Amino acid sequence: MALPELLATLAGELILVPVTLLPIINPLSTASIFVSTVGGRPALAKTLARQIAFNSFVVIVLAMLVGTYVLSLFGISLPVVRIGGGLLVAAAGWRMLGARTDDPPTPAQEQAEAMGDAQLQRKSFFPLTFPLTTGPGTLAACITLGTHVESVTPLHLLSGVIVAVGGALLVVAVIYLILRNAIVLVRRLGPTGAVVMQQLVAFVLLCIGIQLMWAGWVDLNQDTFGATPAL
């Protein structure tokens, strides 16, 4: 593969990471929970946003680089991972589309809101990072993305690390910026703007899940029958 073609492929895989993960993570919807947790304390919001971004970076990189190897221990094929991950992502989008704005808070939300400043800083991973920011849907999508950068040669291994680290940096940069300014952002969006944004993100998330399932189905047909299913 020529160098320009290799760089173009690498750039495409790099951009695919935030394009896929950000609708699933949906930091705009997390911002409202984040604000209710930190209240009107900008200093605490900045500290927690930085810690959550770092935790999310570690989770995303590990899931992308190690997830497929963990699944291989259980004999799960990569196309099945894509279909399963896509199904989970699409289900999350479908639930978001049908969610009501007055739904009761989840136990993780209630636990986060009940913590004090010191507790929040000590427990920034659970529940603020997982499952509120990087939940099961994010992990499934990360493992699915990791199948595209599976290491076969040292060059593939290097490109996989670059994609995982670079893509994760792009994702957590957006997470940090949104959470860092969540107090102002939620105030400016208002209740109606937040609902509209959530519905748009939910629809994109549903489409991404269907696309992931279709990619897995194509791979299964090629592995089984040696042919690509017709559209």
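Axes are lines fitted to C-alpha atoms, for helices over the stretch in contact, and angles between N-to-C directions run from 0 to 180 degrees. Helices are DSSP runs of H or I with at least four residues, numbered from the N terminus. The model is predicted, so local features need pLDDT of at least 70 and side-chain atom pairs count only at pLDDT 80 or more, while totals for chains, interfaces and linings use all residues. Residues are numbered from 1 along each chain as its sequence is written, and side-chain values use heavy atoms, with hydrogens and water left out.

Helix 2 (residues 27-38) packs with helix 9 (residues 154-180) at an angle of about 40°, the axes being 9 Å apart. Helix 2 is therefore oblique to helix 9; angles under 35 degrees count as roughly parallel, over 145 as roughly antiparallel, 65 to 115 as roughly perpendicular, and the rest as oblique. The two helices cross in a right-handed sense, where right-handed means that the near helix is turned clockwise from the far one by less than a right angle, and left-handed that it is turned anticlockwise. Pro27, Leu28, Ala31 and Phe34 of helix 2 touch Val174, Ile175, Ile178 and Leu179 of helix 9, contact meaning heavy atoms within 4.5 Å. This contact of helix 2 with helix 9 has eight nonpolar, no polar and no charged residues. Ala, Val, Leu, Ile, Met, Phe, Trp, Tyr, Cys and Pro count as nonpolar, Asp, Glu, Lys and Arg as charged, and the others, Gly among them, as polar.

Helix 3 (residues 42-72) has 31 residues and should span 45 Å at 1.5 Å a residue; its end C-alpha atoms are 44 Å apart, which agrees. The expected span is 1.5 Å times one less than the number of residues. At Val66, helix 3 bends by about 50°, the bend being the angle between axes fitted to the seven residues ending there and the seven starting there.

The axes of helix 3 and helix 8 (residues 136-146) come within 7 Å and cross at roughly 70°, so the two helices are roughly perpendicular. Their crossing is right-handed. The contact of helix 3 with helix 8 comprises nine nonpolar, three polar and no charged residues.

Helix 4 (residues 78-98) also packs with helix 8, at about 150° and with axes 9 Å apart. Helix 4 is thus roughly antiparallel to helix 8, and their crossing is left-handed.
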